[in-house]
Every structure is written in C-alpha cells, then in structure tokens.
Amino acid sequence: MSKRKTAPPKQSHPWLRHILPLAVLALGVYANSLSNGFVGDDKEQLLQNPVVAGHQFAAAFTSGVWAFRGAQSNYYRPLQFVVYALLHGLFGFQAFGFHLAMALLHAANTLLVYSLAARIAGRTQAAWAAAAVFAIHPIHTDRKSTRLNSSHLG
C-alpha cells in the first residue's frame, strides 16, 4: 500500500497577514486627527501662504519654507509645499482632507518600510516589527504650539 500524499495547507496571502494590518495600524494611530482643524504653524504655512493658495509650484522649489514672510533660512522643503498646493487644489482649505491625505501617506510610507525591511532582512516577521515601530513611533508627530517658535527661522 502506498501512502497518499496530501497537499500542504494553503497559506493566506502575505498582504492579508502583514500589509493590511500594518496599513490599519498606521491609519489607526492618526485617525483621531481627522476631526481636528489646522493648528500651530499650519495656519501660516497653509492658510497664509501664497505658494500653497496660489499653486505657485516653481516658488516652492526656489525659496525656503518661510520665504513668503520675507525670512531667509536654510529650512528648504519644496515637496511639502507642492503636496500642500495639490491638496489645496483637491480640498480647498478643509483640514479633514489634509489630515486624511497625510494619514494615507503615512500608511503608504509604513508599507514601504515593510517592503524595504523584508528585502534587507529576508524575514517577514522582522520586517513587520520594523514597520510597526515606524507606524506608531511618536517621532512622526509634529508637536505644534500656538505661537511660532523663532528657531524655525534660523
């Protein structure tokens, strides 16, 4: 009598076990921001910034963050203002749209960290742990104050 070979059990797709939970984790961490308005320097960098409101994409690449106020600095973030201008084109100055887009961007970055860590480590468990730490680490939270800190200008 020959023994009948059985097929190994089917494994669920990696996206069900790894990617989807990471995306939910990254979104869940920032879900409470969706009902908030603009705070701190958002009021100046978004609402009072002609680069954003006027969709001046070239100006985003030729000046520093506070140049619209006449300040010179080495704080250069052109993609930040390009993204802000694109979001303004989609949502106007509705904070919900900005916060949702930033949360989705954070989730996408978390998945990129997972992908990179899986390639480097070769182990999905280690990659998942690295991405989970990235998703929930408080370094991604920008502490806002109601007054502009003068160190932003230096």
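Helix α5 covers residues 78–91, and its 14 residues reach 20 Å from the first C-alpha to the last, close to the 20 Å expected at 1.5 Å a residue (the expected span is 1.5 Å times one less than the number of residues). Helices here are DSSP runs of H or I with at least four residues, numbered from the N terminus. This is a predicted model, where local features need pLDDT of at least 70 and side-chain atom pairs count only at pLDDT 80 or more, while totals for chains, interfaces and linings use all residues. Residues are numbered from 1 along each chain as its sequence is written, and side-chain values use heavy atoms, with hydrogens and water left out.

Quite a bit of α5 is tucked away: P78, Q80, F81, V82, Y84, A85, L87 and H88 are buried (under 20% relative accessible area, with a 1.4 Å probe and protein chains only). These buried residues pack against α2 (42–47), α3 (50–53), α4 (57–62) and α6, contact meaning heavy atoms within 4.5 Å. Just after α5 comes G92, with a positive phi of about 65°.

As for α6 (residues 95–121), this helix packs on α7 (residues 124–136) at an angle of about 150°, with the axes 8 Å apart. Axes are lines fitted to C-alpha atoms over the stretch in contact, and angles run from 0 to 180 degrees between N-to-C directions. That makes α6 roughly antiparallel to α7 (an angle over 145 degrees). Among the residues making the contact are H106 and Y114 of α6 and W128 and F134 of α7.

Back in the loop between α3 and α4 sits H55, whose phi is near 50°, a positive value in a residue other than glycine.

How values were computed: Helices (H or I, at least four residues) and strands (E, at least two) are DSSP runs, numbered from the N terminus. Angles under 35 degrees count as roughly parallel, over 145 as roughly antiparallel, 65 to 115 as roughly perpendicular and the rest as oblique. Buried means under 20% relative accessible area, exposed over 50%, partly exposed in between (1.4 Å probe, protein chains only).
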